[in-house]
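Welcome, and please open the viewer.

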Amino acid sequence: MSWKSPDGWEAVIGIEVHVELRTASKMFCGCRVAFGQEPNVDVCPTCLGLPGALPVPNVQAIEWISLIGLALNCTISEQSVFHRKNYFYADLPKNYQISQYDIPVCHDGWLDVDVDGGTVRIGIERAHQEEDTGKSLHLGDGGRIHAARETLLDFNRSGVPLVEIVSRPDIRTPAQAKAYAQQLRAVVAELGVSDARLEEGSIRFDANISVRPVEQDELGTKVEIKNMNSFRSLERAVAFEIVRQVGEIEAGGTIVQETRHWDEEAGVTYGMRTKEGSSDYRYFTEPDLTPIVIDADWRAEIASRLPELPATRRTRYSDAGVDRQVAQVLADAAPELRGLYDAAVEAGAEPRVAANWVTGEVTGWMRREDTEVVSIDGTRLASLLAMVAEGMVSASAAKEVLDGVMLGEGEPAAVAEARDLLQMTDTGAIEQAVEAVLAANPDAVERYRNGEAKVVGFLVGQVMRATQGKADPKTANALLAQKLG
Amino acid sequence: MSHADLTISEAAAALRAGSLTAGDLLEDVLERASMTEADLHAYLTLDADRARVAAGRSDERIAAGTPLGPLDGIPIALKDNMCTRSVETTCASQILAGYHPPYDATVVRRLKEAGAVLTGKTNLDEFAMGSSTENSGYGPTRNPWNPNRVPGGSSGGSAAAVAAGSALAALGSDTGGSIRQPAALCGVVGVKPTYGVVSRYGLIAFGSSLDQIGPFTRTVADAATVLGVIAGHDPLDATSWRGDYPDPTAALESGVNGMRIGVIRELDGEGYEPEVTHASRRTLDALSDAGAEIVEVSIPTCDVALSTYYLIAPAEASANLARFDGIRYGLRVPGATTEEMMAKTRGEGFGPEVTRRILLGTYALSAGYYDAFYGQAQKVRTLVKREFAAAYTEVDALVSPASPTVAFELDARTSDPLAMYLSDVCNIPANLTGHPAMTVPVGLDSQGLPIGFQVMAPALGEATMFRVAAEVERQADFTARPELIRVSS
């Protein structure tokens, strides 16, 4: 989307991201974590908040939030503490959420974000561990809480491990906001710790936005916006809110600190009935839990499981000579495709060419065949590319060879042979074809001799046609030039 | 004599010897309950049917020569703030009227696995908030020694049941003296173990960092037996102790010769009844005669422990009790909106003392007040721990009266919350430190009301604590039984 900041104004944006971890069990009990079940099947005394039930922390979740923190260059607290965040809400069974307050598991990191042809470093203030709430279904007009006649509660989601990642207010534009969200999602997906699906709510974004005159250091009053269900809506909502705030101030108004909801259809943010004031969550240390202690050994063990992240991969590809844009596409590609690239390079393929083929022909073939199976290995791709480089097959014939290989017809050389795609390397045979073409096209020869040089192209085409495309075009060209004098 | 007056060790021996069946033992206990309950109201739920089934199974195991342990066939009552699968559990609150938990608390499971015959659920101050059991939402429990007197609280039902013989033992919970103070007022042994030694899973929380379950029995040895069964690591309680467990029976017969026992100077003086003070001095003399060195120890923060406790416990309670909102279980009072329904349910479901403490705790945690109240209380709690830790470098155990007074009359303190709160002044420090402490009855006052003596030890020092308590018991030779029993028997 095209965007220009209102003249003389700068936006200051921070983003809060909630990531549901896909651990086998919930944060503080043994219930299964699953999406799309019948209501209230994955519940127990603890996640229903029954009297007497107690929380026990999920070690997997603690390891995974640490992994997220390490991927975001955060410091991992040697000792962090759970707090109770108190507020009454029907789908919060204990009427407090176990969360973290002053000592989160992860703090002070950053994420480098590629946007508008450059890189922006967005600071990460903290990533803390908490539990998700249940879900309310309001029956009645429009599904809105205030018009509801009845509310149904589903506690399957109650207690699912939730990681909240809070950025520093380092974001300045809607495009940066979108890119940050996208790249953060890519990191989380890469780590394999969350489904990270926006549409299922397993990753959710809220933005805090304020505006100030460009020459001013002091921050403006911030507004929180919620309910963005796609990266595009995040970008649109941020853009709308910046313009709205600047308009408000320029018209002599003031910004009220509030939470506003994004209305995707209307393309506007709207304030909730502002009664919230400053909510007092009365945080205090969760007495049912002891501090989380992550010592150096455990931290190192977790760090050893950190996979290569998209940004690192992108740099590695570029450094190997892959074109910048292709490197970006490949870095975000499916692991199987990245594996194919790595294996082909390992087997001797030239990185730039291998990357082009993997992101181009191979991906294209899979899309046409509507498959996610990469039915070629690195060795075969490397030998195919070698055949092209050595002129054994033409670039266009190579695509057919690829088709044969991916359909399971065997080694590239065998496919080329079987499909009769090998280029003529016998100069005599090509020469025969050249002579036949010249004899059959006296007009063209005449025109060439009268100075119409571009006729050569037509004649080369005729040679290729006569040889069913198997002649090496360079050889054909050279022979034609020689015969035409 | 009714078998209801046997100690656990006597009953267990008779069961093994075949001179008594678990069925007969239970019938005697149920008969005692039927004679005393109208006066005492120790039980909220007397679960005779399930108890008879359990007793029958015990008899089968004992007959087959495969009893499950020292508690097999022993009738034991549970304070009604411990969840029992399919047995109504109310916490003595109207907000939980009719609530049948779908699961057993860990202590309940452990007792069942040990073959104990669970007789029912005993009365308490609503949500364990009180020192007289008068705050029950279902009417007060009365003291077996004098039904015009309170049994103490909050575990007053459990203490009264054991004193009266409507159970051979009972479990209580102790957040700020709720086992030790009623034990003192009812003339029985009551133990608050080290925090973390007994699982809190299934105990309806009051002050989570303070709550601890423990036994009421008629002898020190019986208390050690019950504690041995209910203690142990529980993976369902993240605050459960993970290391080696103390053996409370290890030194019961060792005596106190050569031990250093500290008397806490601050737990004496104004507010302590002369007869209580006198009984304590007599006990100290006896311990001294038995070879212990008695030293006076000063722990100045004992003076502020009570006010510290009345910030921390209500703060935790304000969150712990937030879940009672009428949505998923218990009482629901309809309202036009969800918020109104929650508010009405809580307004009508909680009694006045519970409401007072929720308000107190909410206030102590509020923005602008946190630092002055809850935050400050946490700092003082650290000081209390530090002072006790220092004291235990000098002495093996600490002692004090278990309650400043004997059982008081019903309604004597109900209109004066502060006077009621002072009932637990001797007991609260051990909750703040997490250390073990227990009450041993040492005599009767001139009105025939029991006087209790408190023994405290450092964390996981149960063996030491029971060693001293056993000597106190031997020296006091307290064998009196309430008049009520003699009248009704």
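What follows is a series of stops, each with something to select and a note on what is there.

**Before we start**

This is a predicted model, in which local features need pLDDT of at least 70 and side-chain atom pairs count only at pLDDT 80 or more, while totals for chains, interfaces and linings use all residues. Residues are numbered from 1 along each chain as its sequence is written, and chains are lettered from A and ligands numbered from 1 in the order in which they are written.

**Stop 1**

Colour chain A and chain B separately. Here 26 residues of chain A are in contact with 32 residues of chain B (in contact: C-beta atoms, placed from the backbone, within 7 Å). The side of chain A that touches chain B is made up of 15 nonpolar, 6 polar and 5 charged residues (Ala, Val, Leu, Ile, Met, Phe, Trp, Tyr, Cys and Pro count as nonpolar, Asp, Glu, Lys and Arg as charged, and the others, Gly among them, as polar).

Next, colour chain A by domain: domain 1 covers 9–300, domain 2 covers 310–418 and domain 3 covers 427–484. These bounds come from an automatic or database domain assignment. Between the C-alpha centres of domain 2 and domain 3 of chain A there are 33 Å.

**Stop 2: the nine-stranded sheet**

Switch to a cartoon view of chain A. Helices (H or I, at least four residues) and strands (E, at least two) are DSSP runs, numbered from the N terminus. Look for an open sheet of 9 strands with mixed pairing, in the order β2-β6-β7-β10-β1-β11-β12-β13-β14; two strands pair if DSSP finds at least two bridges between them. Strands of a sheet pair through backbone hydrogen bonds, either parallel or antiparallel. β2 (75–76) and β14 of chain A are at the edges with a single partner strand each, so one side of each has no neighbour in the sheet.

Strand β13 (residues 259–263) and strand β14 (residues 268–271) pair in the antiparallel sense over 4 bridges. R260(A) has G271(A) of β14(A) as its bridge partner, and H261(A) stands opposite Y270(A). Which residue of this hairpin takes a positive phi? In the hairpin, with 4 residues between the strands, G267(A) has a positive phi near 70°.

**Stop 3: a pair of helices**

Select helix α2 (residues 174–191) and helix α3 (residues 231–250) of chain A, which pack at about 150° with their axes 8 Å apart. Axes are lines fitted to C-alpha atoms, for helices over the stretch in contact, and angles run from 0 to 180 degrees between N-to-C directions. α2(A) and α3(A) are therefore roughly antiparallel (under 35 degrees counts as roughly parallel, over 145 as roughly antiparallel, 65 to 115 as roughly perpendicular and the rest as oblique).

Show the side chains of P174(A), A175(A), A177(A), K178(A), A181(A) and Q182(A) in α2(A), which meet F231(A), L234(A), E235(A), V238(A) and A239(A) in α3(A). By class, this contact has 8 nonpolar, 1 polar and 2 charged residues.

**Stop 4: α1 and its surroundings**

Select α1(A) and helix α4 (residues 296–303) of chain A, where the angle is about 70° and the axes are 9 Å apart. α1(A) and α4(A) are therefore roughly perpendicular. E63(A), S66(A), L67(A) and L70(A) of α1(A) make the contact with R299(A), I302(A) and A303(A) of α4(A).

Move on to N73(A), in the loop between α1 (59–71) and β2 of chain A. N73(A) is a residue other than glycine with a positive phi, near 60°.

**Stop 5**

Find the open sheet of 3 strands in chain A, ordered β5-β4-β15 with antiparallel pairing. Its edge strands are β5 (96–100) and β15 (284–285), each pairing on one side only. Strand β4 (residues 82–86) is joined to β5(A) by 5 bridges, and N86(A) has Y96(A) as its bridge partner.

Finish in chain B with S154(B), in the loop between β3 (117–122) and α5 (156–164). The peptide bond from G153(B) to S154(B) is cis, with omega near 10°.

Methods
Contact = placed C-beta atoms within 7 Å.
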